[in-house]
Amino acid sequence: MSKWLDFYKNRLNDGYLNYVKNRYAPFILEVNRFIKVDSISLELGAGIGTISLLIENCVKVVSDNDADILTVLHKRFNKVMKLDCRKPSNIPATIVHSHGVLEHMNDSDICKVINNNKHTYQVHYVPGLYDKPSFGDERLLPLDYWYKLVKPDCYSTFNEGLDYMLTFYPR
């Protein structure tokens, strides 16, 4: 079992789904804001796909790079792909989103993700200055660091400033 599947194994339930729905409601609303009929959403580093389960009706494509996680995703979604989100995809997405992915990367890889998807709407959630990482290898950075690094078109905080949302418009 991969370290990621071990991390998520106790979260494959309605209780966790409801927790995420409430805790990350501003992020989910922001993703939904860009979805229209026949939209295609691409979730990068989907984990168990909780965010994609909570977004409005659209064609949902979930991606991850972990083989064990992909097995779980295949049980929950019709469109699953193995994807290293640091590389361009050929999915004609209306919106690309990630939840808790970018903070695991170095600055160069974060910029690659943003630049690879610059022709579509993007909404990325990253944790802020929590006391400790939830998985252990996240970089918990201040909002101004994220702003200087990726220059989002919009950004906001929620959950008392501990969570950040970075929004990008197509270029």
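## A tour of the aromatic rings

Start by selecting Phe34, a buried residue with a relative accessible area of 6%. Keep in mind as you go that this is a predicted model.

Now colour by secondary structure to see where the partners come from: Phe34 is in the loop between α3 and β1, while Tyr169 is in the segment after β7 (163-168), and the two are 135 residues apart.

Next, zoom out for a moment: searching the whole structure gives 12 aromatic pairs. One of them takes you back to Phe34, this time with Tyr121: the two rings are stacked, 4.4 Å centre to centre, with 25 degrees between the planes. This pair, too, links distant parts of the chain, as Tyr121 belongs to strand β5 (residues 121-127) and lies 87 residues from Phe34. Tyr121 is partly exposed, with a relative accessible area of 29%.

Now select Tyr24, Phe27, Tyr125 and Phe158 together. These residues make up one aromatic cluster.

What sits over the ring of Phe7? Look for the charged end of Arg11, which is 4.3 Å from the ring's centre.

Methods
Residues are numbered from 1 along each chain as its sequence is written. This is a predicted model: local features need pLDDT of at least 70, side-chain atom pairs count only at pLDDT 80 or more; totals for chains, interfaces and linings use all residues. Side-chain values use heavy atoms; hydrogens and water are left out. Rings of Phe, Tyr and Trp (its six-membered ring) pair if their centres lie within 6.5 Å; planes under 30 degrees apart count as stacked, over 60 as edge-to-face and the rest as tilted. Helices (H or I, at least four residues) and strands (E, at least two) are DSSP runs, numbered from the N terminus. Buried means under 20% relative accessible area, exposed over 50%, partly exposed in between (1.4 Å probe, protein chains only). A charge sits over a ring if NZ of Lys or CZ of Arg is within 6 Å of the ring centre and within 35 degrees of the ring normal.
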